[in-house]
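Reader: I would like to learn how to read a strand and its surroundings. Can we work through a case together?

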Amino acid sequence: MKIALIAHDRKKDDLIQFVTAYKTILEDHDLVATGTTGQRIIDETGLPVTRFQSGPLGGDQQIGALIADNAMDMIIFFRDPLTAQPHEPDVTALIRLCDVYQIPLATNMGTAEVLLKGLQEGFIDWRLLADRRK
Ligand SMILES: O=C(CO)COP(=O)(O)O
């Protein structure tokens, strides 16, 4: 499965903690991330990650484009609900595309845990039936 990992600045420590805790699940999958988040995951967990642009520079939109191409299976996006983001429209657009294309999306650690445990149990296997371009 192709999984996107994204965190706003004040949530990056939480995401690193989460990725470290679930490394044994995540290492079996194809990971992508926005720029700064991806670099921290690489540096601090050793997992291979394909990095896109930083969020404010278009990274959310690049990941959204993969959703529209049916090339993304799950989004884990630890948003900061208490800080205004300069690229809020991009964040909203990414979340909207998850809803347009029925892509599992977690915006906090509680839901992310459920999604990864569901992934491990095969609950997301229906994505394998999707018509994939990549
Ligand atoms: O801003 C982000 C998501 O909207 C995350 O971008 P970075 O991973 O580059 O900090």
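Reader: How many bridges join β4 to strand β5, and how do the two run?

Author: This is a predicted model. Two bridges join β4 to β5 (residues 105–106), and the strands run parallel. Take I76: its bridge partner in β5 is A106.

Reader: Which strand does β4 pair with through five bridges?

Author: That is β1, again parallel to β4. Here L5 has I76 as its bridge partner.

Reader: What unit do β4, α5 and β5 make?

Author: A β-α-β unit, and a right-handed one.

Reader: Is β4 enclosed or open?

Author: Count the buried residues. Five of the five in β4 are buried, so the strand is largely enclosed by the rest of the structure. Then check each face. M74, I76 and F78 cover one side, I75 and F77 the other, and all are buried.

Reader: Which residues touch the most other members of the largest nonpolar core?

Author: Start with the general idea. Nonpolar side chains tend to be buried together in soluble globular proteins. In this case the core has 32 residues, and A4, L5, A33, I63, I75 and I76 touch the most other members. Among the elements supplying at least two residues each are β1, β4, α5 and α6 (109–121). I75 touches A4, C98, I103 and L105, leaving aside residues up to four places away in sequence.

Reader: Where do the buried residues of α3 pack?

Author: First find them: T36, T37, G38 and I41 are buried in α3 (residues 35–45). The buried residues of this helix pack against β1, α1 (12–21), β2 (30–33) and β3 (50–51). Just after α3, G46 takes a positive phi of about 80°.

Notes. Residues are numbered from 1 along each chain as its sequence is written. This is a predicted model: local features need pLDDT of at least 70, side-chain atom pairs count only at pLDDT 80 or more; totals for chains, interfaces and linings use all residues. A residue is buried if 20 or more other C-beta atoms lie within 10 Å of its own, exposed if 12 or fewer, and partly exposed in between; C-beta atoms are placed from the backbone. Helices (H or I, at least four residues) and strands (E, at least two) are DSSP runs, numbered from the N terminus. Two residues are in contact if their C-beta atoms, placed from the backbone, lie within 7 Å. A nonpolar core is a set of buried Ala, Val, Leu, Ile, Met, Phe, Trp, Tyr and Cys residues joined through C-beta atoms within 7 Å. Two strands pair if DSSP finds at least two bridges between them. A crossover is right-handed if, with the strands pointing away from the viewer, the path from the first strand over the helix to the second runs clockwise.
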